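Biologist: Could you take one part of this model and walk me through it up close? I'd like to hear who pairs with whom, and then how that part compares with what you find elsewhere.

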Amino acid sequence: MKKNIFLTGLSIRARLTASISILTVFSLILCGSCIYPLVHRIVQDNIEKELHNTTRAMVNMVQAAVNVSVRSHLRAIAEKNLEIVSLIYEEYQSGKISEDEAKQRAERILLGQTIGKTGYLYCLNSNGNVAIHPRSQVKGTNISDHEFIREQTALKNGYINYEWNNPGEKEKKAKALFMSYFAPWDWIISVSAYKNEFSYLINADDFREKVMEISLGKSGYVFIIGKDEEIIVHPWVKGSMKEFYDTLGYQFLHDIYKQKNGKIAYRWQSPDSSEPRKKIAVFEELPQLGWIVASSVYTDEIYGPLNKIITFICLSIAIALLLAIPLGAVVSDSITTPVRRLAELFAEAAKGNWGVRSAHDSRDEIGTLSQGFNRFMDDLQGMKSDLNTEVEIRQKSEYRRRLFEEVFKNAMEGICITDTEGKIIATNPAFTAITGYRQEEILGRNPKILKSDKHSNEFYERMWTQIREKGHWTGEIWNRRKTGESYPELLSISAIRDADGAPTHYVSVFHDITEMKSKEEQLKYQAHHDALTGLPNRILLIDRIAMAISRAKRHETRLALFYLDLDNFKNVNDSLGHETGDRILIQTTERLKQIFKPQDTLARLGGDEFVIMIEGIASELDLITRIEKLLSSFARPFSIDETTLHVTTSLGITIFPDDGEDAGTLIKNADMAMYQAKEEGRNGYHMFRQEMNERAKRRLTVENALRRAVADREFSVYYQPKTDLETATVYGLEALVRWIRPDGIVISPGEFIPLAEETGLIIDIGRIVLETACKDLPVISNKTGLPLSVSINLSGRQLDDPEILNDIRSTVQNTGCNPGNIEFEITESTLMDDVKGTVELLEQISEMGFSLSIDDFGTGYSSLAYLKRFPINTLKIDRSFVMDITESEEDTSIVQTIIDMSRNLGLDVVAEGVEKPEQSAKLLSLGCSRIQGFLYGKPMPLQELIEHLNN
């Protein structure tokens, strides 16, 4: 074994002293060498993390500042060009230039501008057509198939983001534009630029001050490098970074620009220092701008605490060495054990056991060293505790963040968060499920895109006034889904405020209440409708009658109530069961719906009682027509499971305002009238007022008889002579229809002719008259030897008949009658109903060889210009002017005017209704020789007429 000869030449005291001193120094060095790397690593990691966080925060800040700056820049250009176009438009309005010149000048100015590197201006109209564009082939085309173009045409003013690729480019690039609307020319002036060229559009001064406010340590700072290695922001460096190197000639800025993201170390001498110092920089790229944001700090400031630790360790070694030499010999034994223990504690601390402490509390150097060790470990323990606390806080914050995200994501209610400018910054999945908008579609847009047309602007103004004053608003509102469907929702909007009470965000939480509203509507419907038939019940009927009465009073119209009750319906229920009865009621409802119009109100009061309300009653005929259709529909049997049932009805009718002025009175009186109809034998109707009931029944009786008379040809044709006073001869006849029933009763033309007009039966009656006259005319001529013509009246309903020409042509051909002997008379009022259509029809009749006459002339207010348009041959002066012609100077003047006008137009004139010789003489003196009236012959049947003409 090799002999230890260390310090063999020294005394034991010296050897102990030297040994203690060396051991003490070695122990401190060992402790420092273990602790220093650990502390160095912790400090370095924290500093670099802080630099990364600072750089990240600055990137976000610069990006936000750039977005604001670009938007302001684009807005300024758009508004300036809007001002320019407005000034050019004023020149056009003042007449200095034409509109085309104004538009061409505006186009040259707009196309002569560039935004940034490749940005440009263009104009759209509200339909998506391109009015101005740098590429001429695009001008005039419609590009509304692009989403951002539809957004432009919808907004017309404002800022939007979108993606675009020019022809030949494969990938789309992000773009932004600001638009201003010029309404006179319908131009949406759009200023567009690619986002990767925003660096050409922004002003670093917009955010330079905020960047310079950031300080790192004592003298660290943040700087920004732009494209082409240009310094954007730096405390004192300006120009291109190509000109700057560190003190060793290393072009570190170039490497930062090339590397884009990461960290780098270099040596740098700032203007306020006398010598270069080591620095470290952490940097990150802004991709859209091509800028790099870097945070830099001097390493001697970062590692200052480490230098203090080294100084402290060195000082401890020196002190321990000085104390160990004089005391080594005395306390060598007492020193050995504590030093060894202390060395062991250092070893444990180096392994990570930071809870070790020295129990040696003597006042000698070893005790001092132990106390220093304890203090040092206390400091390290405190640092570790702080780190653990920070980690715990961060873990709790992360847990809460994740918890809130889960709540946000899984909430059943739709949630939307906006900033103070109204831009949506976040939505949850329920928002998408309710509205149909995905989050990527809605971010950055205003919630007003959900706005429906069911609320006024005042509603939204009141809502936001409450939000501004109270910080929240809750209520029901109608919004619109992406599909365009409107839906109700329960909405709550709350303002999120900062420490100063200023709003920073708005959070809206809403719930789709469509189903709830549907249930409410269903309950409301059930409360106002009959469960079996779906018809309105008594409550809804009374409400509708009240509203109809208000309308009738306002427009001075009438309305009718039909009170309907099925006859012997109780027997059906008792014999066949209520299920069969219910099916009859359902079929009754369907029949009523087929008879009445959608605007009429059908209601079921209960049991087999129904009420029908009809507004705007024009005439009794209209009422009777409805009654006939209703009673006829119940003449058809009901079919229930192959069983045929005959069920009739009794009907009571009231009229507003004649039979009552409120809903209750009208229903009560209609009910009374219905029971009267049952007492009269059922399967019929009864009107509440007896005179109206009798008149309606009389009209219905006449109409039914008239229909039978047309089918049985019960009509006769009478002829009234027309006389020429100058020749004292009969020159023509007027054919007049008469209705003589088989029982000999004569129905007055004044009663059945208007009814025939209203029902359309006049068309069939007119055919009978024309056919009879065509057959009788040759008989009259043969037996009297007179070459007479016959006048036949045509009504308005006949002129509207599309078959009238065919009927006239076929009748003349079948009877062999000469059209030149037939004259058709049309009243003046009928001619004026449809001048253009009547002229065309009469021209066709005239071309067939017939003559035309205007009957009752002077009562229809026709003008001379209209008379010249009609192909007429004769004017007949209305009997109302002839009646008082010998006594009334006014009537005399009117007749004279008609005669003179007829002579000037080359027309024959006939006066009708002549009953006195004085009237005949007066007419002859005025120049009218052709007359018709009882004075020279009443209307006569064929044989009587022949005898009259032969006498």
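Modeller: Start at Ile792: its bridge partner in S27 is Phe824. Phe824 has a bridge partner in S28 too, namely Leu852. Before going on, keep in mind that this is a predicted model, where local features need pLDDT of at least 70 and side-chain atom pairs count only at pLDDT 80 or more, while totals for chains, interfaces and linings use all residues. Residues are numbered from 1 along each chain as its sequence is written, and side-chain values use heavy atoms, with hydrogens and water left out.

Back to the strands. S26 and S27 run parallel, with 4 bridges between them, and S27 is joined in the parallel sense to strand S28 (residues 851-857) by 5 bridges. (Strands pair if DSSP finds at least two bridges between them; strands are E runs of at least two residues and helices H or I runs of at least four, numbered from the N terminus.) Strand S27 itself, residues 822-827, is mostly covered, with 5 of its 6 residues buried. Buried here is under 20% relative accessible area, exposed is over 50%, and partly exposed is in between, using a 1.4 Å probe and protein chains only.

Of the 14 lining residues, Gly766, Arg767, Gln798, Ile804 and Asp807 are the closest to the centre. The lining splits into 7 nonpolar, 4 polar and 3 charged residues, with Ala, Val, Leu, Ile, Met, Phe, Trp, Tyr, Cys and Pro taken as nonpolar, Asp, Glu, Lys and Arg as charged, and the others, Gly among them, as polar. In total there are 6 cavities of 30 Å³ or more. A cavity is a set of points on a 1 Å grid over the protein atoms alone where a 1.4 Å probe fits but cannot get out, and lining residues have an atom within 4 Å of a point. Points are joined across faces, edges and corners, and the volume is the space filled by probe spheres set on them.

The structure holds 33 salt bridges, each a side-chain nitrogen of Lys or Arg within 4 Å of a carboxyl oxygen of Asp or Glu. One of them joins Glu734 and Lys876 at 3.1 Å, N to O. Glu734 lies in strand S24 (residues 729-740) and Lys876 in strand S29 (residues 874-877), 142 residues apart, and both are buried. Arg551 and Glu615 form another, at 2.8 Å from N to O. Arg551 is in helix H13 (residues 538-555) and Glu615 in strand S18 (residues 609-615), so this pair ties together parts 64 residues apart in sequence. Here Arg551 is partly exposed at 32% relative accessibility, and Glu615 is partly exposed at 30%.

How values were computed: On a 1 Å grid over the protein atoms alone, a cavity is a set of points where a 1.4 Å probe fits but cannot get out, and a pocket is an open set with protein on both sides within 12 Å along at least five of seven lines; lining residues have an atom within 4 Å of a point.
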